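This briefing is for a reader new to the structure. The sequence and the coordinates come first, and the notes follow by topic.

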Number of protein chains: 4
Amino acid sequence: MQIGMIGLGKMGYNLVLNLLDHGHEVVATDVNNEQVKNIANDGATGAYSIKELVSGLNTPRVVWMMVPAGNITEDVLTELKSVLEPGDIVIDGGNSNYKDTLRRAEELKEKGLHFVDVGTSGGTEGARNGACTMIGAEPEVFEIIEPAFKDLSIENGYLYTGKVGSGHFLKMVHNGIEYGMMQAIAEGFEILEKSEFDYDYEAVAKMWNHGSVIRSWLMELTQSAFSKDPKLEGIRGVMHASGEGKWTVEAALDLQVPAPVIALSLMMRNRSLEDDTFTGKVVAALRNEFGGHAVVKK
Amino acid sequence: MQIGMIGLGKMGYNLVLNLLDHGHEVVATDVNNEQVKNIANDGATGAYSIKELVSGLNTPRVVWMMVPAGNITEDVLTELKSVLEPGDIVIDGGNSNYKDTLRRAEELKEKGLHFVDVGTSGGTEGARNGACTMIGAEPEVFEIIEPAFKDLSIENGYLYTGKVGSGHFLKMVHNGIEYGMMQAIAEGFEILEKSEFDYDYEAVAKMWNHGSVIRSWLMELTQSAFSKDPKLEGIRGVMHASGEGKWTVEAALDLQVPAPVIALSLMMRNRSLEDDTFTGKVVAALRNEFGGHAVVKK
Amino acid sequence: MQIGMIGLGKMGYNLVLNLLDHGHEVVATDVNNEQVKNIANDGATGAYSIKELVSGLNTPRVVWMMVPAGNITEDVLTELKSVLEPGDIVIDGGNSNYKDTLRRAEELKEKGLHFVDVGTSGGTEGARNGACTMIGAEPEVFEIIEPAFKDLSIENGYLYTGKVGSGHFLKMVHNGIEYGMMQAIAEGFEILEKSEFDYDYEAVAKMWNHGSVIRSWLMELTQSAFSKDPKLEGIRGVMHASGEGKWTVEAALDLQVPAPVIALSLMMRNRSLEDDTFTGKVVAALRNEFGGHAVVKK
Amino acid sequence: MQIGMIGLGKMGYNLVLNLLDHGHEVVATDVNNEQVKNIANDGATGAYSIKELVSGLNTPRVVWMMVPAGNITEDVLTELKSVLEPGDIVIDGGNSNYKDTLRRAEELKEKGLHFVDVGTSGGTEGARNGACTMIGAEPEVFEIIEPAFKDLSIENGYLYTGKVGSGHFLKMVHNGIEYGMMQAIAEGFEILEKSEFDYDYEAVAKMWNHGSVIRSWLMELTQSAFSKDPKLEGIRGVMHASGEGKWTVEAALDLQVPAPVIALSLMMRNRSLEDDTFTGKVVAALRNEFGGHAVVKK
């Protein structure tokens, strides 16, 4: 089928190559003209503006956005609303908040446009050779786009998840689970590190990946990371977060679901961004007040 | 090689079959005579007492205990200490607390006996067809027993983890990680369940196992569980715990490692054992005291 | 000074009586005409509509809303915007979300109206005899209304907290702290309750209120609650929440502040609203899958 | 009554002065001879060894230990067992683990000695002018020593808590609650500190101590701390812990009580002792592995 791709970053570029491999026709654009030239060399039709991209697609058009969530997604959508025609389909493959997705679907509907939200997992490698995709859409719209997702996903790796919003919601929760699993693994290795024993962490992760209950892709990545730096001496334990974990906790609060593990995974990331904490200062000052416990002066 | 197995429960029985498959000679005993008869029919030499088992082994003997941690392990060890000879080797393959293991190794050493602690993961299926084993031992003792572990473990699925105690400690931490991963997965599905969307959980887990970041054996088991009962309507959410999670938290506290995810995984299990909580009553009573908020009468 | 009070519930009614005690002139209204009659008998000027209330006040008018946060506050504000005149002052003494407060202040400013946000603590008893108030306002507006707050608050119990929004934000955090303190106290008593010892909880709380580090008003309320029901046998541990705790956690997430204690206090309240959990079912099903651990059938 | 005091540190010295004020007769000793001289000048009978102290007391002797928990308490008890006579009473007023207390009581019983465990709260100021004491003892032993505790405690500030061990257990839980309350207060102030508002923390704490729900001695200490250093700029947020919080969490785990707030209060203290964490390194490395997210190099 024919697809227009907006955004040729690491994910978008790989998805285009993946689609081309499977015989799909892709018109692609990016704010970076170099990337447009490159993708044209790789077999896609390059477009140097969204307008050009849209005019190069047959109706009903299928336009896939693979751009950063937030303002950029909002801007691209604003432009798309002004150039697309009723019946056209817009896919948001980024990590948008599902609440934004629900609002945007309503706004596009007013213009007769269909909105599809796709959660994409598997990293850049997956985008290139077999992604994992979770797709929220009107059922009849999903039928139109299914061939593309069937081809670019790993076998059994795509799912129609229901009405619009369900794809991004599911991806959000996926990331929340990921936060919890990563923190669990990491806490385990810190306990090993502080223990009286002397483990070879790469060997431990490798062994755990062969037959243990906790074998997993994340444990394979752990093995890989330790193979490069056995004690991770070269990096600092600063854990950034990109939004979905926070949204998962907010959704849990909205739904009154206790989700302590996901919440704490996020909070320990936030803690890692601080060198010192005001919380700690208050507690230290209080201990000094009532017990005369010494404080650590700066 | 020749091995004596004490304990023919689900794990021990399968380990014996696994060893026999690989041409090892096994003398086996259990408090249940039926199990001894069965294992004899399956190719092992049956023994109807520990004494008989010991007398059927060549020195230096290798005796493997696969019995419940705690008092039973203690009792078997007491008996073994009275019948074994200097140079013999005792393997504890159960989920013993590593602190007990360290103490027991000292006690056996006084008798000239060697102690080996083996953490075993992979469930009963792994015990039968390829386990994951983490082995703490004196290096020269490990050399003697390695052939057995090489054969019964899945390829790359056994590891010499260092001095005595390190096997059980590592298995303990493995289980702590497992608690965290399971709770993370479970919180995610509860958020899905309470959401406005309508997911097919078996399909979600299956899709996540094909290309997503959180693909794992635990997610495969999640898929399997939902395939049998799509909304888990037949069971109650009572989460028992068998000790290693608690020991992991205690070790974290001893080592001053913050391990909130593992700790909360365990605490939510403990919470699930309570129908109502005194904590909740106190908070409800306090809210009534200061704000006149209604309490729920019994 | 002269004040118009909208809302004669438990809090509003008591605040009016408190203001009258101190010689202030109050025009008061409520959707419930009975309450208007009662307050008129108690010395205020009754008004049977917001319009009537507004017409009974000298300019610049000071109108205090003591109504439920959310839609009702929104509706009253909409009506006030249509009847007040530039220079008039609107006080929101309810538990509004500070984000709503910031937005509303902007909206009122467009009409030339001043907005004041007041966080009120101390319960209905405090409203009657001495409240604790935290007041966000433009400095020159605060000067106008300060006499009322000085009179109705307990000595040293009112504070000008800065620009608009700061009063509700501070009250929100106050409630977050309150959640954490209550949960800490409650967890402690559950540990006592499950222990091998046999404590008289009222006596314990009373003793702790005389000289211990944790003496506090909440511990006095704990003592009071146990004096009425020594083991809290008459109530269930269902812990409702009214919003501020959730907003505090959301603010902490927005500001990347790790606030595990406040977050967990809220999550344990949410847990108490569930009889059984999907989380628990998933974990129980997983334990059954890999270890053959029995599940509790329904 | 007549009391022998062992240990003239901040707590012990003040308790002696307090007892002398109320007309009790005190024989006191310490490893530091200077302190013995000082207390003799202040009205006690100085003793330069435990033996001398014991010989200066009438039978049945009442000997109060106010020494650090752990090895020193153990050593003093060993010596006391060799010099005391059946019927004598030993009071442990330190922060001993109640499990040690239960064991020690058994050991003393074998010698015919009585053991009393006293949890002491209120800090050094309380020790001097009115402590808060929780006393576990055999009932008939409590009767003998009650006059001393009645006099040295603040009014209503002493409690007979039941059998031996109950005093230290209750003090332990008291400290667990204290951890939770302190962390709740501290998290709240960190949220304020990171917010868009600009609060005067001393003024906030003072206002909260006048009429709010969270008024408490800890909030008074918070006010005091901020009065000395308005933003706590002079200290680092390093939060040490002295044992009781850890024991409370361990007791909660033993009793299967979910105590997330107390546990997290402790774990955030442990986190504050780390400049960087291995947990953080593992998570950062994993994020780099699957998403190409940049890590912070050392």
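Ser153(C) is found in strand S8 of chain C, where strands (E, at least two residues) and helices (H or I, at least four) are DSSP runs numbered from the N terminus. This is a predicted model, in which local features need pLDDT of at least 70 and side-chain atom pairs count only at pLDDT 80 or more, while totals for chains, interfaces and linings use all residues; side-chain values use heavy atoms, with hydrogens and water left out. Residues are numbered from 1 along each chain as its sequence is written, chains are lettered from A, and ligands are numbered from 1 in the order in which they are written.

**Ser153(C)**

- Ser153(C) counts as buried, at 7% relative accessibility; buried means under 20% relative accessible area, exposed over 50%, and partly exposed in between, with a 1.4 Å probe and protein chains only.
- The side chains of Ser153(C) and Thr133(C) make a polar contact of 2.9 Å. Such a contact is a pair of N or O atoms within 3.5 Å; within protein, one must be able to donate a hydrogen and the other to accept it, and residues adjacent in sequence count only if both atoms are side-chain atoms.
- Leaving aside residues up to four places away in sequence, Ser153(C) touches Gly130(C), Ala131(C), Thr133(C) and Tyr158(C), contact meaning heavy atoms within 4.5 Å.

**The sheet of chain C**

- Eight strands of chain C form an open sheet with mixed pairing, in the order S3-S2-S1-S4-S5-S6-S7-S8; two strands pair if DSSP finds at least two bridges between them.
- Strands S3 (45-47) and S8 (153-162) of chain C are at the edges with a single partner strand each, so one side of each has no neighbour in the sheet.
- On average, neighbouring strands of this sheet are turned by 25° against each other, direction ignored.
- Strand S1 (residues 2-6) of chain C runs parallel to strand S4 (residues 62-65) of chain C, and three bridges join them. Ile6(C) stands opposite Met65(C) in S4(C).

**Helices across the sheet**

- Helix H1 (residues 10-21) of chain C lies across S1, S2 (25-29), S4 and S6 (114-121) of chain C, at about 165° to S1(C). Axes are lines fitted to C-alpha atoms, for helices over the stretch in contact, and angles run from 0 to 180 degrees between N-to-C directions.
- Helix H9 (residues 201-208) of chain D lies across S7 (131-136) and S8 of chain C, at about 145° to S8(C).

**Strand S2 of chain A**

- Four of the five residues of S2 (residues 25-29) of chain A are buried, so this strand is largely enclosed by the rest of the structure.
- S2(A) is joined by five bridges to S1 (residues 2-6) of chain A, and the two run parallel. Val27(A) is the bridge partner of Gly4(A).
- Three bridges join S2(A) to S3 (residues 45-47) of chain A, also in parallel, with Ala28(A) opposite Gly46(A).
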